[in-house]
Amino acid sequence: MPGGLDALAAPSARMVRWEIAIVLALSLGKSAVYAIVNLIDKWTQAPLSGQTTTLNPALDDRQYFDLTYQLLDIGFALVPVLLVLHLVWIRGRNPFRAFGLDFRRPGRDVVLGVGLFLAIGLGTLAVYAAGRAAGVTTAIVGSALNEYWWSTPVLLLSALRHGLLEEVIVVAWLFDRLAYLQQLRAGRDPSRPGSEGGMRAWASGAVVPLHPVTVLVACAVLRGAYHLYQGVGPGVGNLLMGLVFGAVYLRYRRVMPLVIAHFLLDAAGFVAYPLLAAAGLFGT
């Protein structure tokens with residue numbers, strides 16, 4: 001089986017559970033815990049409608065120290081992505097091929113990514129407006145960086161950081177690991193991939209979930225949870241986004257369109273924030 005699992009590279013269920021726990025504790029699982037605590041903290045201080053959440057704050061008053069901190073923040077945030085790619089690689093699979101994180105189908109990936117961006121973008125604005133009207137969403141400031149020559153490039157790098165971190169870990173890798181656990185629980189043998197009673201995988205090498213709806217919902221709930229620091233509305237909106245993105249991944253078996261869509265969504269929110277705010281669509 002191309003890019004599949006081999007007998008020497010098959011971890012136990014216990015090892016996979018520990019890997020999931022460690023990766024999430026270093027990345028978006030930690031973010032989810034902090035987001036829930038932050039939401040409770042905000043809710044017990046004052047109405048959420050009167051509070052503000054800044055997504056890209058300045059990190060220093062001095063220009064080049066601010067730039068240095070911004071780049072360090074982006075770079076270190078991507079380490080968990082490198083970790084999961086490494087974990088897949090050392091077990092005999094090419095993670096870029098297995099997850100569709102490559103440039104083999106650029107045209108279709110871009111078209112699908114742009115389509116998702118347009119659909120989710122409109123939905124995001126609607127959910128945000130509804131949350132603000134209901135008083136369960138904070139005002140969101142897309143960027144509070146000073147106007148430097150490097151501000152826009154850094155915001156674009158920040159958007160790329162979020163796209164890679166969330167889509168690679170919460171969709172591609174976590175889907176694969178939860179699918180692996182499902183197949184182990186069903187008694188499938190990882191040492192005999194592709195054979196009768198063996199582990200099932202797509203041609204790319206990613207493990208096939210036996211109960212895709214369970215995986216889809218679990219990962220979408222995680223996505224919603226680590227956005228709760230913005231309020232209930234963004235938490236619900238991102239849960240719905242997770243359901244859509246997860247379904248697209250299961251359909252096309254490639255994470256690249258999701259990375260493209262996520263990058264475009266965040267780039268629009270970060271770089272075009274002043275225009276959106278002036279139009280009354282953001283940060284009000």
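This is a predicted model: local features need pLDDT of at least 70, side-chain atom pairs count only at pLDDT 80 or more; totals for chains, interfaces and linings use all residues.
## Overall fold

The chain contains 11 helices and 2 strands, arranged along the sequence in the order α-α-β-α-α-α-α-β-α-α-α-α-α. Its radius of gyration is 20 Å, close to the 19 Å that the globule rule gives for 284 residues, so the chain is as compact as a globular protein of that length. The C-alpha trace spans about 60 × 40 × 35 Å along its principal axes.

Of the 284 residues, 46% count as buried. The accessible surface comes to about 13400 Å², and carbon and sulfur atoms account for 68% of that area. Among contacts between residues at least 6 apart in sequence, 77% join residues at least 24 apart.

## The largest pocket

The largest pocket holds about 1400 Å³ of space. Its lining comprises 48 residues, and those nearest the centre are Leu 55, His 162, His 227, Tyr 229 and Gln 230. By class, the lining has 26 nonpolar, 17 polar and 5 charged residues.

Several elements supply at least two lining residues each, including strand S1 (52-54), helix H2 (28-43), helix H9 (232-252) and helix H10 (256-271). Helix H6 gives the most, with 8 residues. Helix H7 is also one of the elements that supply at least two.

## Gln 183

Gln 183 lies in helix H7, which covers residues 151-185. With a relative accessible area of 0%, Gln 183 is buried. Leaving aside neighbours within four places in sequence, Gln 183 is in contact with Arg 188, Gly 198, Met 199, Arg 200, Val 207, Val 208 and Leu 210.

Definitions and conventions
Residues are numbered from 1 along each chain as its sequence is written. Side-chain values use heavy atoms; hydrogens and water are left out. Helices (H or I, at least four residues) and strands (E, at least two) are DSSP runs, numbered from the N terminus. Buried means under 20% relative accessible area, exposed over 50%, partly exposed in between (1.4 Å probe, protein chains only). Contact means heavy atoms within 4.5 Å. On a 1 Å grid over the protein atoms alone, a cavity is a set of points where a 1.4 Å probe fits but cannot get out, and a pocket is an open set with protein on both sides within 12 Å along at least five of seven lines; lining residues have an atom within 4 Å of a point. Grid points are joined across faces, edges and corners, and a volume is the space filled by probe spheres set on the points. Ala, Val, Leu, Ile, Met, Phe, Trp, Tyr, Cys and Pro count as nonpolar, Asp, Glu, Lys and Arg as charged, and the others, Gly among them, as polar. The radius of gyration is taken over C-alpha atoms; the globule rule is 2.2 Å times the number of residues to the power 0.38. Accessible areas come from the Shrake-Rupley method with a 1.4 Å probe; for residues, only the protein chains shown count as cover.
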